[in-house]
Structure formats: C-alpha cells, structure tokens
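I am opening a notebook on this structure. The entries follow the order in which I looked things up.

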Amino acid sequence: MAHRKLTSPSSEGSTFQAMLDAAPDAMIGVDTEGRIVMVNVQTEALFGYPREDLLGQPIELLVPDPAKAVHQAHRGKYFREPLTRPMGSGLDLGGRRADGTEFPAEISLSSIQTEDGPVVIAAVRNITDRKKAEATFQAMLDAAPDAMVGVSRDGTIVLANEQTEAVFGYRRGELVGQPVETLVPDRVKAVHPAHRESYFEAPRTRPMGVVLDLAGRRADGTEFPAEISLNAIETGEGTVALAAIRDITDRTVAEEETRRAREEADRANHAKSEFLSRVSHELRTPLNSILGFAQLLEMEEITGTQRKSVKQIRGGGEHLLGLIDEILDIEKIASGKMTFSPEPVHVGEVLREVLQLVLPIAEGGRVRLVAPTDELDVHVKADRQRLKQVLLNLLSNALKFNHVGGEVRITSRASESSFQLSVSDTGVGIEEELMVGLFTPFDRLGAERRGIEGTGLGLALSKSLIEAMNGTIDVTSVPGEGSTFRIELPLTERTGIKVDEVPEEVGARDQALLERTILYVEDNLANLQLIQGILDYRPTIRLLSAMQGSIALELSKQHRPDLILLDLHLPDMSGEEVLEQLGADGRTRDIPVVIVSADASRDTIKRLERAGVRSYVTKPINVSVLLRMFDEVLG
C-alpha cells in the first residue's frame, strides 16, 4: 500500500509529528477508509508495534477481537462532527497489543483536515490502573452492609452496589444513568430536587433528612423507612454524593413495639400505684379505729390482763401499718415517686435517736449494745428521716436475730470522701445459699420457721433507700456466728443543721384550755367516735361533726369553729373542694384547717400544705400527737 504524505493545516509535517510525539497518550490518525495514517512514539510503547508496521493497517488491528465488527459499523460517524469528544457510546473501550493481550482504554477523538482529506486523531490512554482502582472501590462498595448509591450533581445515579439491588429490587444496570428520584417515594419527589445540592456542601459523612421524609421506594412501588448518611467524594468525573441507605423497617417495628410495651408498662405501673394507694387508704381507715381506740384504752385504768390484751391489739395493728408503709415506700422508689431531701446529717445524733428506740428491744432480749456515738462527730449527705429508717431496720434485725447474752456492735470508718457505718451481731448468721435473696422483697430467709416476726421488706427497702441517697450497702455473714451489715454514704460539711427533738408523750393535761370548738368533717362513724373519745381528754373542747362537705361549709359559716378537722374523701365532694370553698369565703377564710386522712402520699401532703392547711395528720392517728396538736393550735 502506498503511503500518503500528510500535513497539518497550520504547520509542516515534521513539526506536527513532533507535536504528536510530545503527547503523553498514544496518538493515532485514521483516514476515512479506516486505515492508520499516522502514529506517535507513545503508540509504539503502548501497543508494542513499530511505527512502520502500523501505517496503512486497518485500525481494527488495535481493537480487541470481540469489538472489531461493532467498531467497523461505528467508524463512519467519527468524521461527521469536526470537534473533540469522548468516544465509546455503545462500545467496550479497550486496546489490543501486538502480543494479543488487551487492556482497558480511554479514547478521545478529534477530526482534522489534511491535504489528503479528513483524518480522525484518536488519543488512547491505558486505564488499567484506574480500572483496578475502580474495581477495588466497587468491591468495597459491594462489601458494605448498606445500599450505596453515588449521585452526580445533576441528580444522576452513577454507581450502585449489590446491596442496592437487594434493597430496592433494581438491577444495577437499570439504575446507573437514572435520576436519583427513581428511588424516592412519590410523595416527596417534588421536594427532593430542591435539596439535592446540599448533598455536596461538605466532604464529610453526615446524616441526611432535613425537611425530607426519609424513606425509599422499591422497584415494585412499595416504600420503606430509611436511615441515610451522605459523603461527598471526588472522582475523575467530578464530585459525587455517596449515599449509604439502610432499610430500618425492623428497627422501626421494634421501636414501635418497644413504645407500645413501655406505654403498657406505664399503664400497668400506674394501675399498680393506684391500686396500692387505694388499698393503703382502705386499710388505714379501719386501722385508725383499731389503733386509736387501743391507745385510748391504754390511757384508761384497766387490769394488767386487759392491758396486755390491748398491747397485743396495738402491736398487731402497728405491725400491719408498718407493712403497708414499707410496701408503699418500695413502690415509690421503684416508680421514682419517692422524694428525698438530702442535707448534711450528723451521724452521731441520728444514731443516738435510733438507739433510744431499740434499747427496749435490746433489754428485753438481754442483748448488749455497743455504740461509740460520741466518736461519730461527722456529717454525711443523706435524707435524715430515710437514714434513720435504715439504721432502725439494721439494728432491729441485729437484735431480733441475736441470742440471749449476745452483742450488737456499731463501728465506723471514714475515708476522704465517704463514711462507712457497720452493724455487727453475734446472731444466727445467714447461710451462703440464702444470701442471693437477702435484699429480695418478702424473702424472709427462713425466719418464719423460727417464729421471728417480720415482713421481709426491711432490707429490700433499706437497700433502695441507701442507693437512692448515692450510697452502698453490703453484708458478710458466718452461719452460727453472726452478720455484719455495712452502709457507706458520701461525707459532707456541716451547715448549721438543727436536729429535731423527739417529742415527749402528751397525756391528759392538768391545765384547762379556754372553751374551743372543733368541727370534724368525716363520713366514717368509727372515726368520729374515736375523735370524741380522744377529746374526752380535752373536756373544754366542743366537737361538731359533719358527714358531708356541703353541711360542713354551712356549719363553718354558722359556728365559726376554732379548728376544722377535714377528711379528703367525702360522699358529696372532695376534701380539697371543701378547703377551696372555705378559703374563698371571708367568713371562713381564717379558720385553721387540719387534714386527717388515710392518704399518706407525700405528693398529696405537699400539695395541701401549699394550699394553706395548718397541718396534715395521717391515719391511723397517733393520739398523743393529735392531742399535742390541739394544744398548740387552740391553746
């Protein structure tokens, strides 16, 4: 074949050849018949042919075998548009070397005019390394647990992984080149394009979804809730927003089930709390009569046998009352409704008060109490009443489970930030297999078989109280030798706290009060009779009674009593409504009101104290405390 001499439009052939040789890519010129008419040195290096072996050969010599027939069919269109453009629509772009090996190629075309006619210049670049990198990147995408979708700035899907096919139900080839809105639910398709540009704002991973309903749409038209994270990455084709999409249907269902279960548990807890509150109220009402009249009988001149019987009645009633209070306390702690008043508490003073209460138990059981109260001049951060309750429980147990001639010893140890108090006894101890149930409500560890009274709630309540005060409680025990309970609480500085004095018992008073009138608003006849019996010890006080709130309001206006005792549960209106109407009437506004109720919840007590009641007395009534209150209010 004869070779034609070629020149460029603007320079001599040698100059043009030098320019071709200086190009970094293989440069191949092809005439309209598909013959190679010029090559550069990079072509020789890339394809492995000497230049003279290529000139005049058909361009298909450098094309992989599978693509030769297709390549010939497309060849003519390379000359139709005289401009630089990428080549390859519909073609598998690659090259074939002299040794028969093939490589992926990136090809750009440019049409030029020569003396012998138009020539297409093909710039051919070996992109094997890029393809390897892309394959590695694709493999990484395919290994991801989530659907990974790459989107260009114009909203076109440019890549997808295997999980995308599984999640959305499309084949990868169906998605690439489609708008990303293909995967978006119909209800947000109109809004979605306006937010697309924000995917490229910062090259960092971030959650997506401002103003958008995060969901995906599958090929079959079904939708699913989605969690989407975005990362803007740079590629050879520009910035791509890479979206990691996770189908969270299972999580959403689980969260909904958890929400429903939580609501159901809240309803159950509320129902339980209401039930316990109601049971407490219903039990306290008859206990009020049992304990109240028992106290009145103890104040009478009765025989020794009768006094023992009354003592048994009162002891049984107080045991039942303690059980009710402990159940309610455990319930309040469990539901987070128990309130605490943490303050600096002097350990020695609290312990002295508790020792006074348990000393009769120690003397009755002939157990020696050893307590260095004078050495305990420290303050801990605690609720004073709750700490007293815990110490009373631990000391009572140490005495109850001891033996005649035994000992209960209290020791202490302080560190820089905490204070530990230990209560050790020489009693029966606790078997190792029983230790697991030590702080379990109602588990009495076999004490019922030894005839020892108790409810099995004290230790469970003590543990809850100590932990609620940011403390700890633990125990060591040796069966047959005794047990040691340790509580530890944070130390604090003293802030001038005053210790409440234990009130003395108040019996019948010698001095006469000026005549006073009390109105008792109560619908329970036994409770009315109890108050009448208590007031026999204050003969100068006249008692009026009303079993309905409306009648009480009328009597208050007519008689202007010096004190109103008000129950909260009345047949025609609540005690709180009566209190509100008393305060709204100028004739009754200044009459002091004392609530007498079986509702012992702290929330109710605080609410009514804020409403202006003078005092709040819980049933069962402590007779001496009630008489003292009468003396203070009316004296």
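**Helix pair**

I looked at α12 and α13 and found that α12 passes α13 in a left-handed crossing (the near helix is turned anticlockwise from the far one by less than a right angle). Helices here are DSSP runs of H or I with at least four residues, strands are runs of E with at least two, and both are numbered from the N terminus. The two axes come within 10 Å and cross at roughly 145°; they are lines fitted to C-alpha atoms over the stretch in contact, with angles from 0 to 180 degrees between N-to-C directions. Contact means heavy atoms within 4.5 Å. On the α12 side I noted R386, Q389, V390, N393, L394 and N397, and on the α13 side G458, L459, L461, S462, L465 and I466.

**Source notes**

The model is predicted: local features need pLDDT of at least 70 and side-chain atom pairs pLDDT 80 or more, while totals for chains, interfaces and linings use all residues. Residues are numbered from 1 along each chain as its sequence is written, and side-chain values use heavy atoms, without hydrogens and water.

**L394**

I then followed L394, which touches V423, L459, I473, F485 and I487, leaving out residues up to four places away in sequence.

**V613**

Where is V613? I found V613 in the loop between α17 (602-610) and β24 (615-618). V613 counts as buried because its relative accessibility is 8%, where buried means under 20% relative accessible area (1.4 Å probe, protein chains only). Beyond its neighbours within four places in sequence, V613 contacts L579, V593, I595 and L608.

Definitions and conventions
Buried < 20%, exposed > 50% of the residue type's maximum accessible area, 1.4 Å probe, protein only.
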